[in-house]
Amino acid sequence: MSNLSQRDSKYIWHPYTQMQTAGLPIGIVKGEGSYLFDENGKRYIDAVSSWWVNIHGHAHPYIANAIAAQAKELEQVIFAGFTHEPAIKFAEKFMPLLPRNQQKLFLSDNGSTAVEAAIKMALQFFFNHQKPRTKIIAFRDAYHGDTFGSMSVSARGIFTQPFNQLLFDVLFIDTPTATNHSTVVTQFQQHITEHENEIAAFIFEPLILGSAGMLMYDAVVLNQLMTVAKDHNIFCIADEVMTGFGRTGKLFACEYLSVSPDIMCFSKGITGGFMALGATTCTNQIYEAFLSNEKAKMFFHGHSYTGNPLACAAAYASLEVWEQENTLQKVKEISKLNLEFAVRLQGKKNIENVRALGTIIALDVITSEQKGYTNSIRDKLYSYFIEKGILLRPLGNTLYVLPPYCISEADLNFVFDAIETL
Ligand code: PLP
């Protein structure tokens, strides 16, 4: 039998991969802490937390054991008409960590579905009140997922091009930068004036637009936009799928805000990176709009694996590890090292726009090619780091580090040194 890399190509179609030119995938046989090991025994530092999901390290024994124990008791049960301990235990531990107005939890199984549920909650809220609103405001460079609703509220670009005609119309505003705050707020207000009582929600990635290229912006402008939204009964949807669980230096990016969102979306780090789980939380005000003697007012959404007990057990165990290992302290240490590295990079000629927020540091590699996701510099950078035993996955010419929090200072410095010697 040939190795994993070769056997793979007979049947498997990989995500976000040009299968003709990508070359064989690396066959991974083991994960441990911040490391991945391939079938030839080569070790890689997982400096992107395997698509931003891993938190405490690969194959963390505490979470692995929690899943195994749960699998022996109850692996899955329909979540309509039935409930179970892992979901309730998770909810009881998770909800008090959120802004106090978040009172209800709806489970699904990935980030896109968490966003779908959020959008549908907002739209059906107004429908149920017999005052339908159908418009949503989003940032022009946003990324909220790959299903049709989440694509609709995302940037129109290379990811959505083949589907653009089928996406619903969204009111876009410019992504905030250091200098355009008043323009962005004005655009927001103009949309409201032009579409009075038509806008159901404003959806945003708080403080950092991930897939757009780790674009960071200030809490001040987001507070302003949310305040305007709230003045017009427009629901604020915080998509914390990427930012949640410590990435920005606090447990949730919304902790930097003075205004609380009405709806929040989570996935990725929610289970420590072990299981597929999505969560959408909302206020009592939203929840109550679905309470009625009429069945037609129930929330029309659900997935087969909604509330999967294994995923909930992993999510609960992950929250326990946060406490047991004082993970927030590790987050603070990485945040500090990032800031120091940002200083070190000052004046380096082939990079620009060095930016850091919490455990994420990003920079743009200067290139004569046109910028963008398909830029060939991306492939060169990717191969350069893989060669060195580092998994970094640049977004076009944007290079970023987003590690599991168990990464050692020595390993993080190894990654930083590799970037510095580019
Ligand atoms: N929202 C944000 C902010 C994301 O970064 C992502 C994925 O990168 C998603 C939603 C979609 O999550 P998933 O890939 O689990 O569908």
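Tutor: A residue is counted as near a molecule if one of its heavy atoms lies within 4 Å of that molecule. This is a predicted model in which local features need pLDDT of at least 70 and side-chain atom pairs count only at pLDDT 80 or more, while totals for chains, interfaces and linings use all residues. Residues are numbered from 1 along each chain as its sequence is written, and side-chain values use heavy atoms, with hydrogens and water left out.

Student: Which residues surround the ligand?

Tutor: The ligand is surrounded by Trp52, Asn110, Gly111, Ser112, Tyr143, His144, Gly145, Glu205, Asp239, Val241, Met242 and Lys268.

Student: How much of the ligand's accessible area does the protein cover?

Tutor: Accessible areas come from the Shrake-Rupley method with a 1.4 Å probe. On its own the ligand has 390 Å² of accessible area, and the protein covers 84% of this.

Student: How is the protein chain divided into domains?

Tutor: Domain bounds come from an automatic or database domain assignment. Here domain 1 comprises 4-56 + 326-420, and domain 2 comprises 65-323. Their centres, taken over C-alpha atoms, are separated by 26 Å. With contact meaning heavy atoms within 4.5 Å, 28 residues of domain 1 are in contact with 27 residues of domain 2.
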